[in-house]
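Here are some notes to read alongside the model, written for a colleague who likes to check contacts by eye. Please keep the structure open as you go through them.

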Amino acid sequence: MIEPYEANQVRETQAGRVISFGTSSYGYDIRCADEFKIFTNINSAIVDPKNFDDDSFVDLKSDVCIIPPNSFALARTVEYFRIPRNVLTICLGKSTYARCGIIVNVTPLEPEWEGHVTLEFSNTTPLPAKVYANEGIAQVLFLESDEECSVSYRDRGGKYQGQRGVTLPRA
């Protein structure tokens with residue numbers, strides 16, 4: 001269901017102490033990959049989910065992403081998910097980032113959805129904020145139903161099915 005999967009909660013790697021990731025008490029702490037799209041308004045574009053302008057972002061591949069004050073960035077998980085037909089997930093940001101004014105936004109992962117999860121980080125502070133790649137960023141909680149859903153994300157042909165990399169809005 002999760003690749004790569006970390007069976008234990010990791011708090012330290014060869015690089016030293018990290019924000020924890022892996023299996024937790026009742027969920028899984030996901031990691032942020034090193035691919036970022038940082039929002040910029042240098043082109044004075046209008047944010048339109050039906051007609052999104054890719055020029056609104058600056059691409060960055062790095063171990064660290066600095067999010068400008070009162071702005072946001074997109075990223076993706078290191079992990080690739082395959083959600084079973086009888087499971088729905090909810091994802092919440094880790095307290096370490098929340099205490100720094102960084103909000104992690106992820107929509108639920110529906111039954112039979114699969115892909116890299118696109119993550120949105122909002123920097124609510126008036127200062128630049130740092131996000132670390134390959135470390136814990138949010139926790140996924142798994143809700144298992146007693147029965148399978150009648151129509152899954154795969155059945156509906158969801159537009160984000162099988163997404164890889166950081167995925168922008170699709171109309």
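The points below cover the basis of the model, strand pairing, salt bridges, aromatic pairs and the pocket.

1. **Basis.** This is a predicted model, in which local features need pLDDT of at least 70 and side-chain atom pairs count only at pLDDT 80 or more, while totals for chains, interfaces and linings use all residues. Residues are numbered from 1 along each chain as its sequence is written, and side-chain values use heavy atoms, with hydrogens and water left out.

2. **Strand β5.** Strands here are DSSP runs of E with at least two residues, helices are runs of H or I with at least four, and both are numbered from the N terminus. β5 runs antiparallel to β6 (residues 57–61), with five bridges between them; K37 stands opposite D59 there. β5 also pairs with β8 in the antiparallel sense over two bridges, and I38 has A73 as its bridge partner in β8. Two strands pair if DSSP finds at least two bridges between them.

3. **Salt bridges.** How many salt bridges does a search of the whole structure find? There are eleven, each being a side-chain nitrogen of Lys or Arg within 4 Å of a carboxyl oxygen of Asp or Glu. One of them joins R31 and E79 at 3.0 Å, N to O. This pair links distant parts of the chain, with R31 in β4 (residues 27–31) and E79 in β8, 48 residues apart. Both R31 and E79 are buried.

4. **A bridge with an exposed lysine.** D34 forms a salt bridge with K61, and their closest N and O atoms are 3.0 Å apart. D34 lies in the loop between β4 and β5 and K61 in strand β6, so the pair ties together parts 27 residues apart in sequence. K61 counts as exposed, at 61% relative accessibility.

5. R85 and D155 meet in a salt bridge of 2.7 Å, N to O. Because R85 lies in the loop between β8 and β9 (87–93) and D155 in helix α2 (residues 153–156), the pair ties together parts 70 residues apart in sequence. R85 is buried at 19% relative accessibility, whereas D155 is partly exposed at 43%. Salt bridges that share partners join R85, E112, E148 and D155 into one network.

6. **Aromatic pairs.** The structure holds four aromatic pairs (Phe, Tyr and Trp rings, the six-membered one for Trp, with centres within 6.5 Å; planes under 30 degrees apart count as stacked, over 60 as edge-to-face and the rest as tilted). Y5 and Y28 are stacked, at 5.6 Å centre to centre and 25° between the planes. F57 and F72 are edge-to-face, at 5.7 Å and 85°. Ring pairs also link F39, F57 and F72 into a cluster.

7. **Largest pocket.** About 600 Å³ of space lies in the largest pocket. A pocket is an open set of points on a 1 Å grid over the protein atoms alone, where a 1.4 Å probe fits, with protein on both sides within 12 Å along at least five of seven lines; lining residues have an atom within 4 Å of a point. The lining has 23 residues, and T107, T118, Y160, T167 and P169 lie nearest the centre. β11 gives the most to this lining, with four residues.

Terms used. Points joined across faces, edges and corners; volume = space filled by probe spheres on them. Buried < 20%, exposed > 50% of the residue type's maximum accessible area, 1.4 Å probe, protein only.
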